[in-house]
Amino acid sequence: MAESPGALTHPSYGTLRAVTPTASVLLCHNPGQMSLDGTNTWILRAPGSDRVVVLDPGPEDPEHLRRVADVGEVALTIASHQHFDHTEGLDTFVKLTGSPVHAVTEEFRSGGGGGLEHGEVFEVDGLRLTVLRTPGHTKDSVSLVLDGIGPDDPGAVLTADTILGHGTTVLDPQDGDLGDYLDSLDVLIEAGVGRICLPGHGPELPDVAAIARVYRDHRHERLTQVRDALALMGPTADVKTIVEHVYQDVDPALWPVAAWSVEVQLRYLRERA
Ligand SMILES: [Zn+2]
């Protein structure tokens, strides 16, 4: 079933695409402004094993969920965070597979699955995964370190929506937090050196630490711009005015999304004022 790594490229809808010796992706056909080309459902399997670990079955898309369920016996399922494009299909997926579901947010857990503590390790037939709590995109976001097998496999970090394959992550205006997010990027910079980045949307990237640094620099750049805008326009300047000033380099169609980001940045700046 597994293809040799590199035989297919992103985006490959509906086909199991091998990315590393132990990680393959099934891309769901749910493209959109927030989901880029669609949700990446990651399927992790030790060489020669029939059992798999699934990260994020994805939205309620019967065809996609059936495809994921058909890849092998699902030893356990992990939800990276609460957003519907990662969790909506969980109930259907559990009916198809009987897999336990682990998630930080209790309502997504089932079958005895736990709450994903920072540093918790899962081992399935020689596959080794370590949980990193990486809040910021949402409060309940996790990433997973996937150990390499043998000298030619550097291993990977599954970053879900904390780091995407292209573009930047939007922090959830309800329970996202910029301070948490910057701390999480530091965690990924430390844990991700030389490891392949397997994101929740978009293509894989060669080095988690390198891309996490780019993300951190970008956030600090935007923060400086928002701080400067406030200095220029006064502390009571509204979100819309700040967006138009700071996001001149961004397509206006994305300004509503940028407004969430500015809200999160204002909260961060005010909490630290
Ligand atoms: Zn997502």
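# Pocket, sheets and salt bridges in a predicted model

Q: In this predicted model, which helix gives the largest share of the lining of the largest pocket?
A: Helix H2 (84–87), H5 and H7 each supply at least two residues of that lining. The largest share is four residues. The helix that gives it is H7.

Q: What is the volume of the largest pocket, and which residues are the closest to its centre?
A: The volume is about 730 Å³. The lining counts 31 residues. The closest to the centre are Met 34, Thr 168, Thr 169, Val 170 and Val 257.

Q: Which are the edge strands of the open sheet of six strands?
A: The order is E1-E2-E3-E4-E5-E6, and the pairing is mixed. An edge strand pairs on one side only. Those strands are E1 (17–18) and E6 (101–102).

Q: In which sense do E1 and E2 pair, and which residue of E2 stands opposite Ala 18?
A: Two bridges link E1 to strand E2 (residues 23–27). The sense is antiparallel. Opposite Ala 18 stands Ser 24.

Q: At what angle does helix H1 run to E2, and what angle does helix H3 make with E5?
A: Helix H1 (residues 62–69) lies across E2, strand E3 (40–44) and strand E4 (51–55). Its direction is at about 160° to E2. Helix H3 (residues 90–97) packs on the sheet and touches E4, strand E5 (73–78) and E6. Between H3 and E5 the angle is about 155°.

Q: Which are the edge strands of the open sheet of five strands, and what is its average twist from one strand to the next?
A: This sheet is ordered E7-E8-E9-E10-E11, with mixed pairing. Strand E7 (121–124) and E11 each pair on one side only, as edge strands do. From one strand to the next, the twist averages 25°.

Q: How many bridges join E8 to E9, and which residue of E9 is opposite Val 131?
A: Strand E8 (residues 127–133) and strand E9 (residues 142–146) run antiparallel. Five bridges join them. In E9, the residue opposite Val 131 is Leu 144.

Q: Which strands does helix H4 lie across?
A: Helix H4 covers residues 178–191. It runs at about 150° to E8. The strands it lies across are E8, E9 and E10 (156–160).

Q: How far apart in sequence are the parts that the Arg 17 and Glu 204 pair ties together?
A: The closest N and O atoms of this salt bridge are 2.8 Å apart. Arg 17 lies in strand E1, and Glu 204 lies in the loop between strand E11 (196–199) and helix H5 (208–233), so the parts tied together are 187 residues apart.

Q: Is Arg 17 buried or exposed?
A: The cut-off for buried is under 20% relative accessible area. Arg 17 has 4% relative accessibility, so Arg 17 counts as buried.

Q: Which residues do salt bridges with shared partners join into one network?
A: The count of salt bridges comes to eleven. One of them pairs Arg 128 with Glu 123, at 3.7 Å between the closest N and O atoms. Arg 128 is partly exposed at 32%, and Glu 123 is exposed at 57%. The network joins Glu 123, Arg 128 and Asp 147.

Terms used: Residues are numbered from 1 along each chain as its sequence is written. This is a predicted model: local features need pLDDT of at least 70, side-chain atom pairs count only at pLDDT 80 or more; totals for chains, interfaces and linings use all residues. Side-chain values use heavy atoms; hydrogens and water are left out. Two strands pair if DSSP finds at least two bridges between them. Contact means heavy atoms within 4.5 Å. Axes are lines fitted to C-alpha atoms, for helices over the stretch in contact, and angles run from 0 to 180 degrees between N-to-C directions. A salt bridge is a side-chain nitrogen of Lys or Arg within 4 Å of a carboxyl oxygen of Asp or Glu. Buried means under 20% relative accessible area, exposed over 50%, partly exposed in between (1.4 Å probe, protein chains only). On a 1 Å grid over the protein atoms alone, a cavity is a set of points where a 1.4 Å probe fits but cannot get out, and a pocket is an open set with protein on both sides within 12 Å along at least five of seven lines; lining residues have an atom within 4 Å of a point. Grid points are joined across faces, edges and corners, and a volume is the space filled by probe spheres set on the points.
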